[in-house]
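Hi,

Here is the structure I promised to pass on. Have a look at it first, and then read my notes below.

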Amino acid sequence: MGRRTLMGARAPYGPVHTAGNAVPPLDTDLAGALDDLDGIHPGIDLIRDGIRHLALDRHTADTTQTLLATLAGSAGADVITAVGHLVARLANADHNPALRALPLDIQKQAQRHGEQAAYHLTDPDLATHASEASAAITGT
């Protein structure tokens, strides 16, 4: 008799969450990227901790699908979009008083680059692959 999943369908495979099927450690690319961000700012450390937690936590197919969409697949309601808006905010002297002492041309240049970063990070095409990965999990 096959295992029943949460939806009641029979799974043709054994249990996924066993000691022998533990979540593997971080791959070198992700671990290195997280290490490179160490000690920059307490907010970045929180982001690092969150990414590490998401990478090493045990997920269901449903939570994986939700996380893929939330991280980068919703084109507007995702973490990448929020980061894009944060970049634009930090690069704008109207929102970041630390830049107000800079010469006006430098302020405007920083603002322009921040706006361009936000434009690219919030581009709906950027969300396509994560959205497709999310949809592939349920076949939708």
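Helix 2 (42-56) and helix 4 each put at least two residues into the lining of the second largest pocket, with helices being DSSP runs of H or I of at least four residues, strands runs of E of at least two, both numbered from the N terminus. Helix 2 gives the most, seven residues. The lining has 14 residues, and Ile44, Ile47, Val79, Val83 and Leu86 lie nearest the centre of this pocket. By class the lining has eleven nonpolar, three polar and no charged residues (nonpolar: Ala, Val, Leu, Ile, Met, Phe, Trp, Tyr, Cys and Pro; charged: Asp, Glu, Lys and Arg; polar: the others, Gly among them). The volume of the second largest pocket is about 330 Å³.

On the terms: on a 1 Å grid over the protein atoms alone, a pocket is an open set of points with protein on both sides within 12 Å along at least five of seven lines, a cavity is a set where a 1.4 Å probe fits but cannot get out, and lining residues have an atom within 4 Å of a point. Points are joined across faces, edges and corners, and a volume is the space filled by probe spheres set on them.

Before you go further: this is a predicted model, where local features need pLDDT of at least 70 and side-chain atom pairs count only at pLDDT 80 or more, while totals for chains, interfaces and linings use all residues. Residues are numbered from 1 along each chain as its sequence is written, and side-chain values use heavy atoms, with hydrogens and water left out.

As for cavities, a search of the whole structure turns up one of 30 Å³ or more. The largest cavity holds about 40 Å³ of space. Ten residues line it, with Ala72, Asp78, Leu121, Leu126 and Ala127 nearest its centre.

Now the helix pair: helix 4 (residues 79-90) packs with helix 5 (residues 104-121) at about 170°, axes 7 Å apart. Helix 4 is therefore roughly antiparallel to helix 5 (the cut-off is over 145 degrees). Axes are lines fitted to C-alpha atoms over the stretch in contact, and angles run from 0 to 180 degrees between N-to-C directions. Contact means heavy atoms within 4.5 Å, and the residues making it include Ile80 and Val83 of helix 4 and Gly114 and Leu121 of helix 5.

Asn92 sits in the loop between these two helices. Asn92 counts as buried because its relative accessibility is 11% (buried is under 20% relative accessible area, with a 1.4 Å probe and protein chains only).

Cheers

Technical notes: Parallel < 35°, antiparallel > 145°, perpendicular 65-115°, else oblique. Buried < 20%, exposed > 50% of the residue type's maximum accessible area, 1.4 Å probe, protein only.
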